[in-house]
Amino acid sequence: MTSSLPDIMIEPLVRMALLEDLGRAGDLTTDTIVPAGGRATTLLVARQAGVVAGLDLARLAFRLIDPAIEMRVERNDGATLAPGDVIAAISGPARGILTGERVALNFLCRLSGIASATASIVAAIGDHKAKVVCTRKTTPGLRAIEKYAVRVGGGSNHRFGLDDAVLIKDNHVAIAGSVGEALKRAKHSVGHLVKIELEVDTLDQLQEALNEGVDAVLLDNMNPDMLAKAVAMVAGRAVTEASGRITPATAPQIAAAGVDLISIGWLTHSVAILDIGLDFKN
């Protein structure tokens, strides 16, 4: 089970989202219609099949509006959902529940969508050794929680930022003049604990990288046959990562080529939300 992120990391994100929603005058609709002393019990309900993620952010959205609101979780992050499944019960002051509803659902639906999409790729790969990893193509400001959702869905994380590791891409090579020169400069500058990965799109580039020595190779937009040749060339001397427009339909063939990692940007930059609603309990 994936460990939850501590509240100190996620509270600023939730607080910012609530302040954006409340604006300068608060919840005009709820405050004019719902009695101040009214109480309610509501249910977070799945409208689609998928994997739930982001319950701690939903909990904080309600708690920051009114600490008296209680959330009882029925299905924890990582649980598989069917349409109609009750995820959690929210009870307490009705005004607070309605005011926090949209922010809670925005986080919950977004992160559950990421977890569900990740789970679909993991399932497609089956018993192959390849791990599914995300990229830095995340929503600005939400990287930590979106990468958390990938882990909830059964995936792993690529680097979190530019300071995690060296990843030499085509533009770096172009400026350095060659693969070998780029690798030499990186090795000369970074500390002994910093990993170096190189992006290649031809087998000739891959051979040059192997000659120089590298920790990992990003095999960009290679078809399964070419990937298999690349994996054979590497022969365990470096971590192999496949990337480039990978879908649940294409992932099995790519994994069968023997790569160690499959990186997918759309898991965080353009995934569909998972439809989850808040229903009042009769």
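Residues are numbered from 1 along each chain as its sequence is written. Because the model is predicted, local features need pLDDT of at least 70, side-chain atom pairs count only at pLDDT 80 or more, and totals for chains, interfaces and linings use all residues.

**Exercise 1.** Find which residues of helix α9 (residues 224–234) are buried, and say how they lie around the axis.

*Solution.* Start with the buried residues, where buried means under 20% relative accessible area, exposed over 50% and partly exposed in between, with a 1.4 Å probe and protein chains only. In α9 these are Leu227, Ala230, Val231 and Val234. They cover an arc of only 100 degrees around the axis (taken from the directions from the helix axis to the C-beta atoms), and therefore lie on the same side of α9. Next, turn to the other side of α9, where Asp225, Lys229 and Ala232 are exposed. Finally, look for what covers the buried residues, which includes α8 (203–212), β9 (216–220), β10 (239–243) and α10 (251–256); helices (H or I, at least four residues) and strands (E, at least two) are DSSP runs, numbered from the N terminus.

**Exercise 2.** Describe the place of Ile264 and its contacts.

*Solution.* First locate Ile264, which is in the loop between β11 (261–263) and α11 (266–269). Ile264 is buried, with a relative accessible area of 2%. Then, leaving aside neighbours within four places in sequence, list the contacts of Ile264 (heavy atoms within 4.5 Å), which are Ile121, Val132, Val133, Cys134, Thr135 and Ile246. Lastly, the C-alpha atoms of Ile264 and Val133 are separated by 6.4 Å, although the two residues are 131 residues apart along the chain.

Notes
Side-chain values use heavy atoms; hydrogens and water are left out.
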